[in-house]
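Thank you all for making time this morning. Please have a look at the model on the screen before I walk you through a few of its details.

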Amino acid sequence: MDPCHRSSSFYKAHGIEVKMVQTNNGPIFTNRFLTTNNDKLALFEQELKKRHIRYKTIKTCTPKHNGKVERSHCEDQRRLYSEMIRLDQLLTDIGSFKQRLKAHQKRSNSRGMRPLSYLSPLEFLQIYFWLHGR
């Protein structure tokens, strides 16, 4: 099962409808700056169009909009990738990476965060769904 399908199943099971997605202007998301043919959509854009999800990109040259994502990438680098190198546990196959990524996500989602009043994302979701009867 592909990751998009798993995500949409989770959202549907919890009564969450994704109406719009916003990203930076990276080539993984949009071909906007790579081609003069504006009809040539990136795979990500094609998938959103297929699912009838609105798509918006951040204003170019505004890294402040991308700060949370960049901080998340730094944390991933420090807590996952660099740790694997430090311990000399380099990846040998995709299964090994998936296993390590799953453990990393579990740790990350269990750690308190200031924007969530020092609750972990998992605790925050539990409270949210309890309050909203889901």
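This is a predicted model: local features need pLDDT of at least 70, side-chain atom pairs count only at pLDDT 80 or more; totals for chains, interfaces and linings use all residues.

Let me begin with Ser 120, which, leaving aside residues up to four places away in sequence, touches Asn 109, Ser 110, Arg 111 and Gly 112, where a contact means heavy atoms within 4.5 Å. Ser 120 sits in the loop between H4 and H5, and with a relative accessible area of 2% this serine is buried. By buried I mean under 20% relative accessible area, by exposed over 50%, and by partly exposed anything in between, with a 1.4 Å probe and protein chains only.

Residues are numbered from 1 along each chain as its sequence is written, and side-chain values use heavy atoms, with hydrogens and water left out.

As for the overall layout, the chain has 5 helices and 2 strands, and from the N terminus the order of these elements is α-β-α-β-α-α-α. Helices (H or I, at least four residues) and strands (E, at least two) are DSSP runs, numbered from the N terminus. Of the 134 residues in the chain, 18% are buried, and among contacts with a separation of 6 or more, 48% are between residues 24 or more positions apart.

Turning to H4, this helix has 16 residues and spans 22 Å from its first C-alpha to its last, close to the expected 22 Å, the expected span being 1.5 Å times one less than the number of residues. Which residues of H4 are buried? They are Ser 96, His 104 and Ser 108, and because they cover an arc of only 100 degrees around the axis, they lie on the same side of H4; that arc is taken from the directions from the helix axis to the C-beta atoms. The face turned away from this buried side carries exposed residues, namely Ile 94, Lys 98, Gln 99, Lys 102 and Lys 106.

Arg 111 pairs with Glu 75, their closest N and O atoms being 3.7 Å apart, and since Arg 111 lies in the loop between H4 and H5 while Glu 75 lies in helix H3, the pair ties together parts that are 36 residues apart in sequence. Glu 75 also forms a salt bridge with Arg 78, where the closest N and O atoms are 2.9 Å apart, and these two both lie in helix H3 (residues 67-86), 3 residues apart, which is about one turn of the helix. Glu 75 is partly exposed, at 25% relative accessible area, and Arg 78 is likewise partly exposed, at 48%.

I will finish with Lys 50, whose salt bridge with Glu 47 has its closest N and O atoms 3.4 Å apart. Lys 50 is exposed at 58% relative accessibility, whereas Glu 47 is partly exposed at 22%.

Key: A salt bridge is a side-chain nitrogen of Lys or Arg within 4 Å of a carboxyl oxygen of Asp or Glu.
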